[in-house]
Amino acid sequence: MGLKVFGFKGGVHPFHRKESTQDKAVERMQAPKLVYIPLQQHIGAPCEPLVKPGDHVKLGQKIGQPKGFVGAPVHASVSGVVKEIKQVPHPAMGQGLAVVIENDGKDEPDESIVPKDIESLSAEELKDLILEAGIVGMGGAAFPTHVKLSPPKDKKIDVVILNGAECEPYLTADHRLMVENPRDVVDGLKAIMKVLGVERGYIAIEDNKPEAVRAIADAVKSVPGVEVVQLKTKYPQGAEKQLIYAVTGRQVPSGGLPMDVGVVVNNVGTAAAIARAINTGMPLIERIVTVTGGGVAQPKNLLVRIGTPFKDVVEACGGLLGQPAKVISGGPMMGIAQYTLDVPVIKGTSGILVLTKQEVEMPEPGPCIRCGKCVEACPMRLIPLFISAYALKGDYERSEKLHAMDCIECGCCSYICPARRPLVQSIRTAKRVITERRRRAASAK
Amino acid sequence: MEPLIVSSSPHVYSEDTTARIMRDVVLALLPAAAVAVYFFGGRAALIMAISVLSAVVTEAVVQKLMKKPVTINDWSAAVTGLMLAFNLPPTVPLWLPAVGSAIAIALVKQAFGGLGHNFMNPALAARAILLAAWPVYMTTWADPIRGAMSAAAADAVSSATPLAILKGMEGTEAQLPPLWAIILGNTRGCLGETSDVALLLGAVYLLWRRVINWRIPFSFIGTVGLLTWILGPQGLFTGNAIYHIFSGGLILGAFYMATDYSSSPVTPKGQIIMGIGCGIITSIIRLYGGYPEGVTYSILLMNVATPLIDRFTMPRIYGEVRADV
């Protein structure tokens, strides 16, 4: 296709392990008997429940209302009866309040579900629709999308990037989406560009996904101002700052946001969810999840209702294969290890990895040999070994001076470390402590 | 179901481990070791074996005494032992490598905290100590037991290394051996330093395995080449740079010694400064100093400067906002 391939400095090349699912078309999983819909599935304040036990709810009905601007409503992913509202295991927070709905199997849609048309909606109406549909970043961070689409007046946005890098090993959900529904991705991008009043849009995809590149390139042919950008296959190519640099050559200033350099980044899955919310009227009640790893009998890409417990999803993939050692929500580089398969799929669940003993290495840290591999690998150009050494000694001031707060927690340093030092792990701790100290210092003033 | 393992990400790791890196270094040194045995005979093998054994035993004993976990299976002690043997003349009494390796491990490595904490290259620091303590043993060279060089040098009274001849040191009226003999290793010198071909073979392996990167060795060798060419004996730009590059311990030092992780900078810019610094000091010692060879001391001096170099070469981070910009 003769496209230039773009990249960034640093990074690592983990095995891809995408083979077992990358060519498998997305299958729709049957909705389970019970869904557990957490009231917090996003960064920000949790939702207030709008229903109570015993209520009958319809498919797509709003059941949780966010308390602040940074938040997103949650909706019923099945029709049926609210059984209870209780604490359940949560894939990102350990525990969280959730609405438990017993599925009546009818999928009776809510009256509010009416298809709309992008062309006939104003930017403001589109933004309201995105908020009301409960759209959040679907790459994993789950930041409320309408907030991203509301930059302050003084920040002029001129570029929108859709992130289709999917640089995490094992995951193929975005890849399948781009191959099977490129139209949704492009429609979502158009909506985002309209909301922000931006003329230039890019869809960035790693060059190990030629099929997705072809499908998207085909879909954008007739769309003015939108281009496909091929990225070098390298982790963390999909990290926001690295992606912005690869596509535009701009560097987000330390402590700043993409909007400081005129860019807004959204995941391709988020764009597709926006398109579906507009075209069908249905809010975000399901998502594609890659279910894979050596501990799953039949790895698949599944379209899963939000709130479906992991164990039901694994069951839909032929069940467990032997004894699982680790279950991860997301990818192996940044995903979160789960303590139970009872956790439900939420809006940010891009993958469920069930890893066997053979796939899981329990690191046994040795002394740092100062090989400098973490320095070469850090995509933020930090010196992980020094930041970590100070953090482990409790000298967080020094960690901070060495730019600990700029760490994006991608995990390249720990991945590459031959001594298996807990590099990103200790830097993460330092960041928490520094953030807490800053917060306290600010409130003391 | 057994309890699931819960730990903080990442959940996967590269195949690189400390032991694998150290094993790779040993592998890379094997061709040069084989050439040493070929040219200097079974005694060379004996010296290397004693040196490695002493290093490993010393590491185990010291760690036992200090009640620390014994880590001899990370191969790092073996690397130090072999490196030290490579820096000894083939004529040394057999107790010398044993003493040398013990010094390298006990004094230079373990006394400062063990792996990753030594501030000098253990093998080179030990070599410097041996050179000061037993200068005669450490500078008595032998001709290779086979090949053209031994025949050509049969009438030479002295036993000087090519670098000493090049420098025109006293009693070294002997002719310089041909360049090809130097590159192959058919010449006088320390066990492991003579065969550039074998050392370069190992270096390519280490570069390919990403155990080392180009920065220190290339800037080191490049600087020596440039300076010895410019500051030639018959005026500017008359030096024999190629001969300087391939003689003595430069190839061994640049690829295997100066790249020692714990005693060299971790920042990319710092590594280049390390290489250039080593190159300048080596050239000055070779051209104007009292010794024919300066690789050892140049590396040791730059080792000591490493923490300072690291501190002043912190890379500019992504998106860094500096006050002066």
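Me: Before I dig in, what should I know about the model and its numbering?
Reply: It is predicted, so local features need pLDDT of at least 70 and side-chain atom pairs count only at pLDDT 80 or more, while totals for chains, interfaces and linings use all residues. Residues are numbered from 1 along each chain as its sequence is written, and chains are lettered from A and ligands numbered from 1 in the order in which they are written.

Me: How many residues of chain A are in contact with chain B?
Reply: 49 residues of chain A are in contact with 33 residues of chain B, where contact means C-beta atoms, placed from the backbone, within 7 Å.

Me: And which elements of chain A supply at least two residues there?
Reply: Strand S16 (326-329), strand S17 (336-338), helix H13 (412-416) and helix H14 (423-444) of chain A each do, with helices (H or I, at least four residues) and strands (E, at least two) taken as DSSP runs numbered from the N terminus.

Me: Switching to chain B, how is it divided?
Reply: Chain B has domain 1 (18-137) and domain 2 (158-313), with bounds from an automatic or database domain assignment, and 20 Å separate the domain centres, taken over C-alpha atoms.

Me: How many residues are in contact between those domains?
Reply: 33 residues of domain 1 of chain B are in contact with 27 residues of domain 2 of chain B, and H1(B) gives the largest share of the domain 1 side, 13 residues.

Methods: Two residues are in contact if their C-beta atoms, placed from the backbone, lie within 7 Å.
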